[in-house]
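Welcome, and thanks for taking a look at this one with us. Please have the viewer open and follow along with the points below.

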Amino acid sequence: MTQNTDNTTIERKHSHVEICLHNDIAFSGKNTGFERYQFEHDALPEIAFAEIDLSSTFLGKKTGAPLMISSMTGGYSEASALNRALAEAAERFMLPLGVGSMRQALENASYRESFSVVRKYAPSIPIFANIGAPEVAKGLSRAEIDIMLDLLNADGLIVHLNPAQELFQPEGNTDFRRVLDQIAWITSVIPVPVIAKEVGCGISRQTAHRLVEAGVKVIDVAGAGGISWQKVEEVRYTRQFGQDRRFSLKALEELLNWGIPTAECLVAVNELKTEVRGTHDFEIVASGGISTGSDIAKSLALGAQIAASAGALLKALHAGKLEETIEIWLNDLRAVMFLCGAATTEQLRNTKLLFKH
Ligand SMILES: Cc1cc2nc3c(=O)[nH]c(=O)nc-3n(C[C@H](O)[C@H](O)[C@H](O)COP(=O)(O)O)c2cc1C
């Protein structure tokens, strides 16, 4: 790989964090959809708030709570400190953690430590490697996959599917041919599960079906309602080239806010999960705009095994309040469970949610 490619990848990962912290990159006119649901109140819970058990499982491993820290960063010098802080919090609360795209670790050995630091500070939680669909489409070698898994002693590999992000990215790669075949090959050769995730546009029932038939074991819906990655890349594009004249103004507005709201994805993918039970079993991660413990609770009741967050936790980390924020979310979750009479996360998954029209 050339030095130029390295520099572009480093600049991109660095500016992603900076833009997510300082720019308005939320969806306009579109929410997660969780606001359209409410739990049925239980006036007779018959459980003790203090005894509520938040522990859960993810891919057969026990976790402290049904919350995961979503893939964010790695591959440049400042990423080590970010990943270390995320790992320490994840270890403290026993939460699974995904690292950011490991493309840089494959292009250049210099910043591999910014990924391996995660396993150093989080020795006992599930950790997931991460690579993008365009790299998968080009064809990864088994040796490249092993580099990513070995750096983290990873419990699985996340493949992020991000066509809208690549479309808006100034240096984006929009050749998605052969992605599904390559995913199927990866699921057949690696010893750990493959997770397919979006980055904020959501995964539909049909797409999830194709992925689980290819051997994917987890669908992380990463729906709309949190960060719009089209908007993040649009900020980078306009910094480089000025006003965006690639699209008509009306279409631009629609494309920047493109995506299926998180709660809609969950309902659709959960229907699929029930339909394929026994032939293509898989777990669901709810992400895209998770920002309270109530969102986590609703995610579980809509079929998720676990919820996951990136943007909101990055902001909390930047404000020096990562662990405090996680504690507050878990307390929100306990409160909702108490008012539904659910003493365990398994009971919460079987709790009734009402749809508000
Ligand atoms: C700074 C930052 C960098 C990200 N980089 C990656 C990445 O490398 N790979 C990936 O799969 N997702 C990446 N994401 C996307 C998140 O994992 C997540 O899918 C998305 O932001 C939607 O969730 P949210 O609304 O909770 O932020 C990144 C998110 C943030 C905030």
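This is a predicted model: local features need pLDDT of at least 70, side-chain atom pairs count only at pLDDT 80 or more; totals for chains, interfaces and linings use all residues.

Here is a short briefing on the ligand, its surroundings and the salt bridges.

The ligand sits in the largest pocket, with 23 residues around it.

**The shell around the ligand**
- Lys13, Ser71, Ser101, Gly289 and Gly311 come nearest to the ligand among those 23 residues.
- By residue type, the shell holds 9 nonpolar, 11 polar and 3 charged residues.
- Two helices, helix 1 (3-22) and helix 14 (311-318), each provide at least two residues of the shell.
- Helix 1 gives the most to the shell, with 3 residues.

**Polar contacts and burial**
- For serine 71, a backbone N or O atom lies 2.7 Å from an oxygen atom of the ligand.
- The side chain of tryptophan 229 has an N or O atom 3.2 Å from an oxygen atom of the ligand.
- For isoleucine 227, a polar backbone atom is 3.4 Å from an oxygen atom of the ligand.
- The ligand taken alone exposes 610 Å², and the protein buries 97% of that.

**Salt bridges**
- Side chains of opposite charge can pair when their charged atoms come close.
- With a cut-off of 4 Å between side-chain nitrogen and carboxyl oxygen, the count comes to 21 salt bridges.
- One of them joins arginine 84 to glutamate 88, with the closest N and O atoms 3.0 Å apart.
- Where do arginine 84 and glutamate 88 lie? Both are in helix 2 (residues 79-93), 4 residues apart, which is about one turn of the helix.

How values were computed
Residues are numbered from 1 along each chain as its sequence is written. Side-chain values use heavy atoms; hydrogens and water are left out. A residue is near a molecule or strand if one of its heavy atoms lies within 4 Å of it. A polar contact is a pair of N or O atoms within 3.5 Å; within protein, one must be able to donate a hydrogen and the other to accept it, and residues adjacent in sequence count only if both atoms are side-chain atoms. Accessible areas come from the Shrake-Rupley method with a 1.4 Å probe; for residues, only the protein chains shown count as cover. On a 1 Å grid over the protein atoms alone, a cavity is a set of points where a 1.4 Å probe fits but cannot get out, and a pocket is an open set with protein on both sides within 12 Å along at least five of seven lines; lining residues have an atom within 4 Å of a point. A molecule sits in a cavity or pocket if more than half of its atoms lie within 2 Å of its grid points. Ala, Val, Leu, Ile, Met, Phe, Trp, Tyr, Cys and Pro count as nonpolar, Asp, Glu, Lys and Arg as charged, and the others, Gly among them, as polar.
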